[in-house]
Amino acid sequence: MAPEPPLLTMSGITKSFPGVRALDGVDLEVQAGEVHCLLGQNGAGKSTLIKVLAGAHQPDSGEIIWRGEPVSLRSPIAAMRLGIATIYQELDLVEGLSVAENVFLGHEPTSAGFVVRGFAARTATAELLQRLGHSEIDPSRLVGDLSAAHQQIVSMARALSHDVRLIVMDEPSAALDPDEVDNLFRIVGDLTADGVAVVHISHRLEEIRRIGDRVTVLKDGRAVAVGLPAESTPTRDVVALMTGRNVEYVFPERPDKPATAVKEPVLRVEGLTRRGEFAPVHLELRPGEIVGLAGLVGSGRSEILETIYGARRADGGRVLVDGAALPPGSVRAAVRAGIGLAPEERKTQGLLMLESVTRNVSLSTLSRFSRAGWLDHRAERAAAQQATRGLSLRPDNPDARIRTLSGGNQQKAVLARWLLRGCKVLLLDEPTRGVDVGARAELYAVIRRLADEGLAVLLVSSEVPEVLGLADRVLVLREGSVVHTADARELDEHRVLDLVMEGSPSA
Amino acid sequence: MTQPAPPAQQDAPMPAAKSTPDKGGSRRPLGLRMDVRNLSLLGVLAVLVAVGGFTKPDEFLATSNLQLVLTQASVIGVVTVGMTFVITSGGIDLSVGAIVALASVWATTVATQEFGFAGILFTAVVVGVGCGLVNGLLIAYGRMVPFIATLAMLASARGLALQITDGKTQIVTVDSVLDLGVRDAYILGIPPLVLVFAAVTVIGWLVLNRTTFGRRTVAVGGNAEAARLAGIDVRRQRLYLYLLSGLCCGIAAFMLIVLAGSGQNTNGNLYELDAIAAAIIGGTLLSGGRGTIVGSVLGVLVFTTITNIFALNNLESAVQQIAKGAIIVAAVLVQHRTLRGAGEA
């Protein structure tokens, strides 16, 4: 397809938010009539990229060329006028309006410029639904009464109600049953036959081969592979691109003495279960040990951590710290027993973004700096400074606003919170997400040092090399079950990727 | 243990950095940093005083008028201190006016008045705290939206107040209560009610800025999920906050009884709006996570002073309402600009 000029060329797109660079010079090229798959882990920058494409975010720099002309997508309306339609993961339909009203929301057929011609809208909607093979959906029904699959179809009809040349679909199959997915893919096939391009985002790797023409892989805000042929690129290579190293990380050395042999476990998880999320999990964690959980998105990694922490209530099983069982579903009990969590979404789950470093670090230890409820600010600040200095958090200013810090330093603030508290077990969920590559090695060294000092660390990461490089022992998860446990030194990346994907049709 | 420590750690200078130079040293150790917003509100107050002094020099600046303004500010001021805590935690309390009404009539029934000063004070406070308890339980443990729960309390507390009084004004006959309102009770020219307001303000400031309770309030409002995952009991904190708001309403109800010499079911009408407005123009974020007692008190003083100046100049209350509305809009616009300047979307 080289001779034809591409429909869309995005080059060198960058976009920063306070604390993180979401896109760092991304290129994307889409041909008319192709299904272009966009792959990447959570946080790789996919959502930001499609929001730039939809006109919802303005890029800091970079160029967008649409049908040979440089364009600027100043608003969602500007993008729609060009023929770019986006179907978001969380469907942006108005539940209290009818199907037809949703389809034509914002561009209702009108008489005299303002009288909505409801009949015309319903007829046109019926035609669109027919084209999508879903003539059974009544255009006058309320969208809130429809199933998730039908809502997806309505979203699609809305996209087609514009003169559309490019449809962006953000994980359209996530909420659908297999036969509904089949129908969706049939529609995608019809659209591309008409020359419409589709940018398809999905975590399901087998879908790429079914409908994809080419693949672009994002990682840490960069495109690590642009326009790979979907059919001939082995799935394992694609996964390796998503999860693999694009720089040589420097991992700290493991201590010589195997922690497993010496000590009693500080954390025991016995048959912990949550229905629909993960099967009974058993694991033991000893002081000084780093245990990694490897698995793809949706394998239950984060859910297991949050259930151990009590943030989700277990359906069965127990969590014991130093032999004492924790009451289920109580974060406070877990914290009191000495467990700390660095959550996956640092900004929404971990930090008070309006506050200073000190106030973020001391959040779990307030009572230590208070007498009868009165806070001793000096002691609090000094302790926070000491804790953050130990992790070489920069800037070395406990009064700095947390949102002005880089991702790596924000993560250090979260770690400092638990160090200050003096916890025994640290649960790390994607500790290097949104952390610049250069700062990662330092974070790895910090984590290893904490383990050497006697902390037990349970690490979740979607990056296989990170788990293998940092952990002593690795549990491999697939679809909510532990499928393999081994010493990290006995595993390699390919073996883990095989275990992680085993059973998926295209492996 | 060798740390690789690559030079790239000084990563990504953040765009918001330019807005932070004022936040370094002046913040600590006393935390008496005067917000720019407080300064501008102080400016507004100064302008108002100048306007009052210019238009009605003899009347506005008379001691008795200043005493009146401060006394009027006191009742709503105490309510606003409680409201500031609730809003800082990301909540809202629409029921404050109705709680003041209910507490003031319950505390002035014939039966209660038989117990004298202590009986009236005790009843007002207990009714206030009791209503706050119901609010808090519904919101914290019944998982009701604060807007709805306190709206329901607004309706039912007002209704109960009407039922108790049957629409009649309940005259207070306990002299020791009434004596607090007369000129003889002024201490160094300051009415006792103003002293109560001052005390509540100081205590409120200390609690918000100097205690774990205050810190947890800010944390819950700033990011409830992060607070929960940090091990804070978010629900219990929410319960306490509505109790606190109810307590402030109870105190305000007692002050109103002293001021009016009676209890009425129409007391505290629209206090919720005045208190919310004062807190917001003071600089407390309606979305939670940031609150300032000093700002709220300044907001109350600005509103009360406007009312006073308009009354002295015999202007209609309609004009007054318009001026209040304009001030709210202006203050919130300034707030948005400040936030955007600080790098928040």
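Against which helices and strands of chain A do the buried residues of H18(A) pack? The model examined here is predicted; local features need pLDDT of at least 70, side-chain atom pairs count only at pLDDT 80 or more, and totals for chains, interfaces and linings use all residues. Residues are numbered from 1 along each chain as its sequence is written, while chains are lettered from A and ligands numbered from 1 in the order in which they are written.

Helix H18 of chain A spans residues 493-501. Helices (H or I, at least four residues) and strands (E, at least two) are DSSP runs, numbered from the N terminus. The buried residues of H18(A) are Glu493(A), Val496(A), Leu497(A), Leu499(A) and Val500(A). A buried residue has 20 or more other C-beta atoms within 10 Å of its own, with C-beta atoms placed from the backbone. These residues cover an arc of only 160° around the axis, so they lie on the same side of H18(A). The arc is that of the directions from the helix axis to the C-beta atoms. They pack against helices H8 (235-243) and H17 (464-470), and against strands S15 (290-294), S23 (473-478) and S24 (481-487).

The largest nonpolar core holds 171 residues. Such a core is a set of buried Ala, Val, Leu, Ile, Met, Phe, Trp, Tyr and Cys residues joined through C-beta atoms within 7 Å. Among the members touching the most others are Ile167(A), Ile447(A) and Val457(A). Helix H16 (residues 437-452) of chain A gives the most to this core, with 9 residues. Apart from it lies another core, of 83 residues, including Ile87(B) and Tyr242(B).

Conventions:
Buried ≥ 20, exposed ≤ 12 C-beta atoms within 10 Å, placed from the backbone. Contact = placed C-beta atoms within 7 Å.
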